[in-house]
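Hi there,

Please have a look at it first, then read on.

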Amino acid sequence: MASETGNGPGIRLAADIGGTFTDIAAFDPSDGRLVFGKTLSTPDKLIEGIVDGVEKAGTAFPEANLFLHGSTVAINTMLERTGAKTALLITEGFRDIYEIGRVNRPDAYNLFFQKHQPLVERALRFEVSERLYAEGTVHKSLDEDSVRQTCALLREEGVEAVAILLLHCYANPAHELRVREIVEEELPDAFVSTSHELSQEYREFERCSTVVANAYIGPKVESYIAGIDDRIQEDGFDGSFLVVQSTGGLYDGDQAKRQCVRMLESGPAAGVIGTQALCDAIGLENAIAFDMGGTSTDVSRYDGRFEHEFESLKAGVRIVSPVLAVETVAAGGGSICWFDGKRMQVGPASASADPGPACYGGGGPLTITDINLFLGRVAQQEFPIPLNEDAVGLRLREVHQVVQQAGFDLTLQQLAEGFLDIANNNMASAIRSISVSQGYDPSDYLLVSFGGAGSQHCCAVADKLKIRQILDHPQSSILS
């Protein structure tokens, strides 16, 4: 890691890696100068997007003594289900608690309610012969040989990450620690996560779900944070490298590599903190933060302060970790517009930056950004990259043909407007879940719109919620 204090002249750098774009802000406290850099994210090597953005901002890493990083990579990995092949090691007799969960239906009146989809299939859940009493004393000693035999199976399966959940480890982590040591010996290239490091809760399902999520996103998060740290040091950075947590606070990169779930809402949390600063500056006490990026939209309610949660549902996964109360929905500028044979769908998959939306010219699918371009809602001269309208027309006609074959008589215009309305409804539903569902009237709030795509959709979303006022910050696309 870079040093804690640093010896640079004082410029502060901040980077936000989104699913589509990477944004850089550089602030010089000596003269108050604030400059920005925007570039396409580089999924294969995310640090390149940061380096390009810093260059576009007209600055360099040796000039900085502080580098702050917020990212949507962790939450996007969960939303798109693109994490590592993960295995779960769990106390003997409790193999299925992860899938059984709490056997409840919190959304009782939702006709389309779906049970959570485990990140680890049953075939990759293995029992560990051991058992502790609730107070932490040993009831059954750990069978280390069986753990090594299981590791041989994991190696054959090509497992990339291993989550470890043993009963009552919050009282005595000795067995979890020993299992981790064995797994790291047998599978040196695997990402290994233990539940007691992430949560001291006594409830097994919640801890299990949390540690599995941490392992699932771990390899991708660890790889890109390590890559960022190595590269910025190579480029002459000798200051502090800190990552935004889901609470809006900061932790160092080494912690972020291991406790990845603590940055699930990293990018959104940074935007929430920015919204709070904005509200405080203008004396506003009732606001809804509306952050629409390339892959997802994040919303939160502000009543003089933002709420925190210590247990939450993120991308359909139960997480026990403190977070700002942010509701995330898979609707962004890069969300793919498609037809499933019965109805039109928007997301959850995203075109991301590579290949990107069809209009980027990289052979990408039809997305919300393409729909906005087709409907004349994008000022092309202001867009950071050239846009290809012909590619949009081609993709829209392809989807239109499939829709017609299914017996739906829609024009291209109606199809495009339908996709747009679906996306707006999805985002409005997210706002209702943090307002109406909790007894608050969204019309009593001002909608603070930001994110790269927020300005294109905030008016339609506000109309659906009868919100009368919208605040669109001059630097709304980089408020995070």
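First, how to read it. This is a predicted model, in which local features need pLDDT of at least 70, side-chain atom pairs count only at pLDDT 80 or more, and totals for chains, interfaces and linings use all residues. Residues are numbered from 1 along each chain as its sequence is written, and side-chain values use heavy atoms, with hydrogens and water left out.

Let's start with helix H12, residues 454-465. Helices (H or I, at least four residues) and strands (E, at least two) are DSSP runs, numbered from the N terminus. The end C-alpha atoms of H12 are 16 Å apart, which agrees with the 16 Å that its 12 residues should span at 1.5 Å a residue (the expected span is 1.5 Å times one less than the number of residues). Its buried residues (under 20% relative accessible area, with exposed over 50% and partly exposed in between, using a 1.4 Å probe and protein chains only) are Gly-454, His-457, Cys-458, Val-461, Ala-462 and Leu-465. Seen down the axis of H12, they fall within an arc of 145°, so they line one face of the helix; the arc is that of the directions from the helix axis to the C-beta atoms. Just after H12, Lys-466 takes a positive phi of about 60°.

Next, the spaces. On a 1 Å grid over the protein atoms alone, a cavity is a set of points where a 1.4 Å probe fits but cannot get out, and a pocket is an open set with protein on both sides within 12 Å along at least five of seven lines; lining residues have an atom within 4 Å of a point. Grid points are joined across faces, edges and corners, and a volume is the space filled by probe spheres set on the points. The whole structure has 1 cavity of 30 Å³ or more. The largest cavity is about 50 Å³ in volume, and its lining is Arg-301, Glu-307, Ala-325, Ile-434 and Gln-438.

The largest pocket has a volume of about 2400 Å³. Among its 49 lining residues, Asn-110, Gln-114, Leu-313, Gly-316 and Glu-327 are the closest to its centre. H11 gives the most to this lining, with 6 residues.

Finally, look at Ala-331, in the loop between E19 and strand E20 (335-339). Ala-331 counts as buried because its relative accessibility is 1%. Ala-331 lies 9.1 Å from Asp-298, C-alpha to C-alpha, though the two are 33 residues apart in sequence.

Best wishes
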